[in-house]
Amino acid sequence: MKEQLETLRLFSIKNRGEVEKQQRLGGNVACFYCVEFIPASEVSRYCLDENRQETTAICPRCSVDAILVTRITKKTLQELHDRYFSPE
């Protein structure tokens, strides 16, 4: 399960194209920091990557770069949150 969570987490990086696709389709994204599903249309800010390109979506609710554009359950969002944001 640890490897599956890491694979999912990688989808939160350099995801602008996928977020914009969901915006055109009127779909949702998910944030594994605030553990919420959010209309993609609400995403408007992006982090800079190593080439100073705005490529990684920032959650409009919690301002963390933990946005996923994939089918995911609330349970899995919580597991991602617990793994990457909860103190051990």
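Visitor: Is Glu-50 buried or exposed?
Guide: This is a predicted model, in which local features need pLDDT of at least 70 and side-chain atom pairs count only at pLDDT 80 or more, while totals for chains, interfaces and linings use all residues. Residues are numbered from 1 along each chain as its sequence is written, and side-chain values use heavy atoms, with hydrogens and water left out. Buried means under 20% relative accessible area, exposed over 50%, and partly exposed in between, with a 1.4 Å probe and protein chains only. The relative accessible area of Glu-50 is 59%, so this residue is exposed.

Visitor: Which side chain meets that of Glu-50 in a salt bridge?
Guide: A salt bridge needs a side-chain nitrogen of Lys or Arg within 4 Å of a carboxyl oxygen of Asp or Glu. From Glu-50 the N to O distance is 2.7 Å, and the partner is Lys-14.

Visitor: How many residues apart are Glu-50 and Lys-14?
Guide: Helices (H or I, at least four residues) and strands (E, at least two) are DSSP runs, numbered from the N terminus. Glu-50 is in the loop between β3 and β4, and Lys-14 is in the loop between α1 (2-10) and α2. The number of residues apart is 36.

Visitor: Which side chain of opposite charge is nearest to Asp-49?
Guide: Lys and Arg count as positive, Asp and Glu as negative, and His and the chain ends are not counted. Asp-49 is buried yet has no salt bridge. At 4.4 Å, the nearest side chain of opposite charge is Lys-14.

Visitor: With which side chain does that of Asp-49 make a polar contact?
Guide: A polar contact is a pair of N or O atoms within 3.5 Å; within protein, one must be able to donate a hydrogen and the other to accept it, and residues adjacent in sequence count only if both atoms are side-chain atoms. Asp-49 lies in the loop between β3 (45-48) and β4 (54-58). At 3.5 Å, its partner is Thr-55.

Visitor: Where is Arg-16, which meets Glu-54 in a salt bridge?
Guide: The Glu-54 and Arg-16 side chains come to 3.6 Å, N to O. Glu-54 is in strand β4, 38 residues away from its partner. Arg-16 is in helix α2.

Visitor: What is the order of strands in the open sheet?
Guide: Two strands pair if DSSP finds at least two bridges between them. Four bridges join β1 (residues 28-31) to β2 (residues 36-39). The three strands pair antiparallel in the order β2-β1-β5.

Visitor: Which are the edge strands?
Guide: An edge strand here pairs on one side only. In the order β2-β1-β5, the edge strands are β2 and β5.

Visitor: Which residue in β2 stands opposite Cys-31?
Guide: β1 and β2 form a hairpin with four residues between them, and Val-35 in the turn has a positive phi of about 55°. Val-29 stands opposite Ile-38. Opposite Cys-31 stands Glu-36.

Visitor: How many salt bridges does a search of the whole structure find?
Guide: The salt bridges include the pair of Glu-50 and Lys-14 and the pair of Glu-36 and Lys-74. The search of the whole structure finds seven.
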